[in-house]
Amino acid sequence: MPFVSNIFNYKKIKEKEFGNKIRTSLAVKIAIIAITIILCSFFYFLTYGDNSYENNKLKLATGYIWTSPTLIADYNFSIYKPKIQYRAEVQNARDSVQPIFILDAFAETNAIDRILEIIQMLSIDDTSPLYQQITPEKVRQFNNLNENTKKKEIAKLNKYITPFLRSIYRKGLVNIALENHYAGNIATVRLNATQEYYINYKDLYDKNLLKISMQQFLEGIFAEETKNLLIDLLANIIQPNLIFSEELTSRSANLAEKSIKKTLGIVRKGEIIIAKGEKLDEENILKIKSYYIGNIMRDEHNYTVLNMLGGIGFVIMMYALLILYLIIIRNNIWKDNYQLMILSFQLILVAVLGCLSFQYQLKHPNTPIEYLIILPTFSMFTAIVFDSRTAFYSTVSMALLLAGVRGNDYYIGITMLFTGAIAAYAVRDIQDRMQMFSSIIFIFIGFAISILVANLERGFDLIKIMPQLLLALINAITAPIITFILLYYINKHSSYLTTSLKLKEYDNENNPLLVEMKNKASGTFEHSREVSRLAEKCANHIGANALLAKLGGLYHDIGKINHAEYFTENKEQYIFTDKHTRLTPKKSAEMIKAHVVRGIENARKDNLPQQIIDFIPMHHGTTIIRHFYNVALNMAKETGEIINEKDFRYPGPKPNTKETAILMLCDSAEAIAKSSTDLKQFEAIFNGIVDDRIADGQFDESNITLNDIKKIKE
């Protein structure tokens with residue numbers, strides 16, 4: 001057949017489907033690790049150094065028990081007042097400072113003389129330039145009075161206006177709005193550099209009070225026209241005689257502020273600040289805070305190279321817990337940069353959230369915002385996408401890193417570790433999306449137990465616990481929602497990673513590919529079902545992903561759909577004549593190998609997840625098609641032809657997970673079972689095949705152990 005000689009270039013197929021350089025590149029892996037360490041260290045340092053006082057301050061609250069070792073002063077230090085108290089005292093001191101005014105001794109005389117001059121002109125000349133400061137309409141109204149009335153009004157003006165103005169100036173007319181500057185009783189009037197006197201602040205006049213006083217004074221004495229004229233005149237002519245001095249008042253306020261002490265007392269060297277097990281109260285909390293401040297003030301180089309190295313080392317240690325687990329236990333995740341990036345990104349996000357929560361609490365110390373950190377969400381997500389064991393190790397790394405970023409806050413670290421582990425195990429065997437929402441109860445229980453235990457240890461206070469429980473409840477409610485969104489994104493946009501929920505959709509024999517295989521290659525379909533059941537049982541027995549192994553078994557031979565008649569298990573469906581008798585051994589081997597390539601093509605057309613597609617080439621690995629290879633060797637003895645073993649090997653790759661290794665063994669076992677006459681014969685053949693696979697290095701790239709293989713054989 002012409003297609004046989006034009007069989008696919010397996011090397012190119014392998015490179016295309018499984019040799020994605022970015023996913024397996026060592027350089028990319030190193031870059032992911034380096035970026036994770038750098039970013040986590042950066043957020044760790046944001047809460048380090050001079051904030052060490054703030055780190056510890058967040059953990060101090062009245063009523064709690066001091067669980068750390070007894071704290072003894074190793075130097076003399078002052079006890080600082082609480083910031084709120086000190087600021088209040090400073091503000092009171094500044095507010096109590098008397099406003100200082102500078103006296104303008106000529107303002108009174110100038111104003112009275114000028115007003116009297118204008119009054120005098122009213123009886124002589126109604127066109128005088130002096131009237132420019134009065135509204136013309138009001139001058140006209142006054143001049144419309146009859147002469148007798150006009151003379152009487154002018155006489156009253158001469159009689160009453162001067163005493164009124166002197167009484168105003170005697171108390172003081174200021175150039176500021178009184179209600180906006182001072183609420184005290186006394187003000188200072190500065191005469192010169194050495195002389196001053198005090199006045200009653202509440203007796204002073206500003207423009208508004210002057211206007212009110214004028215209206216009261218004029219009422220009932222003058223005609224309406226005279227009153228309007230005089231109000232307009234006084235408003236424009238009168239000038240303040242007390243000028244507020246911003247500079248002198250501010251200087252006085254600064255002196256008052258400096259007079260306020262920042263300290264309440266002193267603690268001597270060797271004195272016990274607080275003993276282990278002692279209950280925290282306002283007094284010893286102030287001592288502890290002051291001690292931390294003293295440590296900062298004594299250490300001028302609080303942020304040294306050694307500190308930086310220590311911080312980076314801490315981050316590396318927390319990250320290494322996860323990395324070592326991946327290398328030793330989950331090597332398939334370690335090899336895949338895409339999966340490594342997801343786990344590393346979660347670590348970075350936890351560091352970011354820890355830093356943000358810490359910075360927020362510096363401004364709002366009574367808000368337990370740390371209980372909103374969505375670490376349990378990441379634990380659930382990891383358990384669903386990877387497995388519960390990976391989720392646990394990831395949770396350990398995230399929780400310890402969070403504790404470090406928040407200034408050694410190991411209470412929240414332990415709380416998140418406990419709750420995250422519960423969240424991961426709550427979705428360990430998840431079957432549908434709605435099951436995620438039942439995790440709300442488990443997450444909240446985890447938070448509640450942790451919060452209760454921590455508060456019992458430090459001193460139970462229901463008032464402090466309630467806000468913590470409220471925020472923990474919000475976290476528990478939002479966890480499955482955020483997890484669902486993340487899973488939706490992964491399933492929709494990632495062809496490299498498929499969740500168990502997504503895989504569950506393919507566990508259906510009515511899938512079009514399986515239906516087609518049942519119709520066109522019924523023997524292969526029955527073989528696949530048996531292998532699938534066996535692989536599922538083996539996976540359960542050694543703790544592998546049973547669902548994935550089951551699906552791998554169902555779909556591993558879908559490439560045989562295309563030319564089912566070339567495979568002996570389908571002989572009952574076709575009028576069987578061995579078509580391989582017409583082909584050379586090499587071309588027969590190519591025909592057999594073609595089902596791997598055809599299978600990948602069929603899987604791609606049906607949009608099967610990559611995790612299932614991996615089983616199609618890996619269940620054969622790079623094993624030899626032994627029957628045709630032996631036929632070729634026998635024929636070569638007569639013809640002298642040189643046989644290349646590579647022509648009879650499957651293209652691979654070798655199994656790189658426990659699940660694909662399981663399928664390789666189960667595929668062989670099911671085929672042997674059909675041709676074996678008794679158990680002993682089966683055991684002998686199967687043991688030989690297992691030993692051959694091990695010797696051939698077929699399991700070298702998977703993380704399956706000899707103990708696992710022993711259990712599978714049993």
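Tutor: Helix 16 passes helix 18 in a right-handed crossing; right-handed means that the near helix is turned clockwise from the far one by less than a right angle, left-handed anticlockwise. The model is predicted, so local features need pLDDT of at least 70 and side-chain atom pairs 80 or more, while totals for chains, interfaces and linings use all residues. Residues are numbered from 1 along each chain, and side-chain values use heavy atoms, without hydrogens or water.

Student: Why are helix 16 and helix 18 called roughly parallel?

Tutor: Helix 16 (residues 337–363) and helix 18 (residues 388–405) pack at an angle of about 30 degrees, with axes 9 Å apart. Angles under 35 degrees count as roughly parallel, over 145 as roughly antiparallel, 65 to 115 as roughly perpendicular and the rest as oblique, so these two helices are roughly parallel. Residues making the contact (heavy atoms within 4.5 Å) include Leu-343 and Val-350 of helix 16 and Met-398 and Leu-401 of helix 18. The residues of this contact divide into 9 nonpolar, 5 polar and no charged.

Student: What makes Lys-658 buried or exposed?

Tutor: Lys-658 lies in helix 30 (residues 658–675) and has a relative accessible area of 17%. Buried means under 20%, exposed over 50%, partly exposed in between, so Lys-658 is buried. Of the 714 residues in the protein chain, 48% are buried.

Student: What joins the side chains of Lys-658 and Asp-708?

Tutor: A polar contact of 3.2 Å does; the cut-off for a pair of N or O atoms, one able to donate a hydrogen and the other to accept it, is within 3.5 Å. Lys-658 also touches Ile-542, Ala-544, Asn-703 and Ile-704, not counting residues up to four places away in sequence.

Note on methods
Helix = DSSP H or I, 4+ residues; strand = E, 2+ residues; numbered from the N terminus. Buried < 20%, exposed > 50% of the residue type's maximum accessible area, 1.4 Å probe, protein only. Axes fitted to C-alpha atoms, helices over the stretch in contact; angles between N-to-C directions. Nonpolar A, V, L, I, M, F, W, Y, C, P; charged D, E, K, R; others polar.
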